[in-house]
Amino acid sequence: MQALFVGRGSLREPSEPLAFWLTALCAFPAALLIGYLLHESIGASQVALFIVVAMLYVTLARGRLLGSSVRVHERQYPRVFTIVKRACAALEIPMPLVFVREDNYVPVVALGFGEPYALVVSSHWIEHFSDDELAFMIGRELGHIAAGHTRFHSLLSVNGNENPLISLIFGAWLRRCALTCDRVGLLCCGSLDAAVRAMGMAAFHAFGRQVDYQVFAEQQAEIQSDSVLRWGEWLSSEPYATRRIASLRQFIGSQAYAGAHAWFVRERGEEPPVLAAPGRVTVATRDCAGWWRRCAAWGIDAVVVSAIITSFGGNVASVGDSKAPAVVSVAPGVVEVKPPGMGPITIRGKQHAAAPPPVPHRGRLRGSWAWTNPLAATPAPSAAPLPSPTDEAEVGPLTFSDQGVGMKVGGQSVPLSVDALATFIGGFIKRLGFFFWFPVYLAVLVIVAGQTFGMMITGLRVVTTDFHKPGIARTVLRYLIVFFVWWMIVPLSFIWRRVLLHDRWTKTRVVKVERVVARLTGA
């Protein structure tokens, strides 16, 4: 498959790599600008939380697919299985897990961060596509997998639905990815007419059968003649359908298509590469990531964790061991304690209203004072009502008062409400600091997804020495070692560059994703 994306005959849209890096560099400033215009706060902390939540959601989505969607194989919907298998064999990529589910908006989408990916076909659309049209739709999603787009697309849209805000920030790259993979879809269906019909059916559903696509494609000339009309494409993750048709018509007459088509129809086997079951292959030293690649992943993850801690009002350094004394202020009926690293604790006693002091009455003569009879019927100034004391009962760790139910934590009553719990969790996070939460972040994402965000960006994954996914206990032990003996791991990493100390002790490895696929497919 690499032959389709390297060299002069590459199927990639020429500006796609440049658009990726420019989009990555400009994404955060663009998010800040959009947040300012919409009067919403969008910062590094929100982006970091979004990344972590999206990785967890997409990884757990496979279980949701197995539990609520139809798994496609030779005996379950063989028509779709045959199309996917034929395309994977031609493209030389492993078969994804194929599911059918109800989705009124997305006909076909690929999801996941690594092999095996998931290919999801909508039952709302599947019967409206002919076999060659379905081959185009499936082929372009397989193209996203092969070109390395899918792991990023899964972060930006966890279910394939279009998001105008995401499209505005990342659209320049997403639209070029779509043009790249339209070319792969064209190879898989083998016909420009089928590709155009598939685009029409995806855009218009059943009405697409009534459309004259020759006339429809001519609308592109009107769009090209007015720059304002082209601006609407900026709010979409895909180019206009008319532009996609024009791009394929140009591509099919090029030398790049001739070379790609000759490669696609070459003599080959009928079976796609098969991922060997874990346990049959052992990780070699050359499969493991080098020092610089691991450091790049750690650097990206450190930025994410720092942003998350900052979002809760904390500092990167731990403040849990602060030597600052607690501040105590006492007023009549009120005692307020401000311990370091926590919010104030206020204790209120019963307060009684005191009689107001007599108010002298100024007479009419300047500089003279007149006595006023206190028994006269003159209205006395009313004293502001004081708050009534709050009664509180305790039952174990729970407290009950007229202000609601709370829980005693560290001598402080924490109200059981969303805002109060968020405040308490934020204080807890900022007290522990970066050097506690960094290994926790690594462990949680490796347990769930097999990789962290930094690993996903740099193409790494954590496995056991026989390519199994590490279990919970082994992963926790791995990062407990990191937490306690990082001061040994760092200097020794200059000696053992590929297999570090915690790798050796837990029999885990950080491997390059491309080597995982190559080893498990026997390439």
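These questions and answers walk through a predicted model of one protein chain.

Me: How many helices and strands does the chain have?
Reply: The chain has 523 residues, and 41% of them count as buried. Its secondary structure comes to 19 helices and 15 strands.

Me: What share of the accessible surface belongs to carbon and sulfur atoms?
Reply: The accessible surface of the chain is about 28,700 Å². The part that belongs to carbon and sulfur atoms is 63%.

Me: What percentage of the contacts with a separation of 6 or more is between residues 24 or more positions apart?
Reply: Take the contacts in the chain with a separation of 6 or more. Residues 24 or more positions apart account for a share of 67%.

Me: Is β4 enclosed or open, and how many of its residues are buried?
Reply: Start with the two faces. Ala118, Val120 and Ser122 are buried on one side, and Leu119 and Val121 are buried on the other. In a regular strand, side chains alternate between the two faces of the sheet. β4 is largely enclosed by the rest of the structure, because its buried residues number five of five.

Me: Which residue of β4 is the bridge partner of Val100?
Reply: β2 and β4 run parallel and are joined by five bridges. Within this pairing, Val100 has its partner in β4. That partner is Val121.

Me: Which residue of β4 is the bridge partner of Ala110?
Reply: β3 and β4 run antiparallel, with four bridges between them. Ala110 also has a bridge partner in β4. The partner is Leu119.

Me: Which residue takes a positive phi in the hairpin of β3 and β4, and near what value?
Reply: The hairpin has six residues between the strands. The residue with the positive phi is Gly112, near 130°.

Me: Where is the cis peptide bond that involves Pro116, and what is omega near?
Reply: Pro116 sits in the loop between β3 (108-111) and β4 (118-122). The cis bond runs from Glu115 to Pro116. Its omega is near -5°.

Me: Is Glu92 buried, partly exposed or exposed?
Reply: Glu92 is in the loop between α3 (78-91) and β2 (97-101). Its phi is near 60°, a positive value in a residue other than glycine. The relative accessible area is 43%, so Glu92 counts as partly exposed.

Me: Is Lys507 buried or exposed?
Reply: Lys507 lies in the loop between α18 (501-506) and β15 (508-512). It is not a glycine, yet phi is positive at about 55°. Its relative accessible area is 54%, and the cut-off is over 50%, so Lys507 is exposed.

Me: Is Thr242 buried or exposed?
Reply: Thr242 lies in helix α11 (residues 241-252). It touches Phe216, Gln219, Gln220 and Ile223, not counting residues up to four places away in sequence. Its relative accessibility is 4%, and the cut-off is under 20%, so Thr242 is buried.

Me: Which helices do the buried residues of α12 pack against?
Reply: In α12 (residues 255-264), Tyr257, Ala260, Trp263 and Phe264 are buried. They cover an arc of only 130° around the axis, so they lie on the same side of α12. The buried residues pack against α3, α6 (164-189) and α11.

Me: What distance separates the C-alpha atoms of Leu56 and Val448?
Reply: Leu56 is in helix α2 (residues 44-68). It touches Val444, Leu445 and Val448, leaving aside residues up to four places away in sequence. Leu56 and Val448 are 392 residues apart along the chain. Their C-alpha atoms are separated by 6.8 Å.

Me: Is Leu56 buried or partly exposed?
Reply: The cut-off for buried is under 20%. Leu56 has a relative accessibility of 23%, so it counts as partly exposed.

Me: What is the accessible area of the nonpolar surface patch that includes Ile495?
Reply: Ile495 is in the loop between α17 (472-492) and α18. With a relative accessible area of 63%, Ile495 is exposed. The patch is made of Trp486, Trp487, Val490, Phe494, Ile495 and Trp496. Together they have about 680 Å².

How values were computed. Residues are numbered from 1 along each chain as its sequence is written. This is a predicted model: local features need pLDDT of at least 70, side-chain atom pairs count only at pLDDT 80 or more; totals for chains, interfaces and linings use all residues. Side-chain values use heavy atoms; hydrogens and water are left out. Helices (H or I, at least four residues) and strands (E, at least two) are DSSP runs, numbered from the N terminus. Buried means under 20% relative accessible area, exposed over 50%, partly exposed in between (1.4 Å probe, protein chains only). Contact means heavy atoms within 4.5 Å. Patches are made of residues with over 30% relative accessible area and no salt bridge: like charges are joined within 9 Å, nonpolar side chains (Val, Leu, Ile, Met, Phe, Trp, Tyr) within 5 Å. Accessible areas come from the Shrake-Rupley method with a 1.4 Å probe; for residues, only the protein chains shown count as cover. A salt bridge is a side-chain nitrogen of Lys or Arg within 4 Å of a carboxyl oxygen of Asp or Glu. Two strands pair if DSSP finds at least two bridges between them. The arc is that of the directions from the helix axis to the C-beta atoms.
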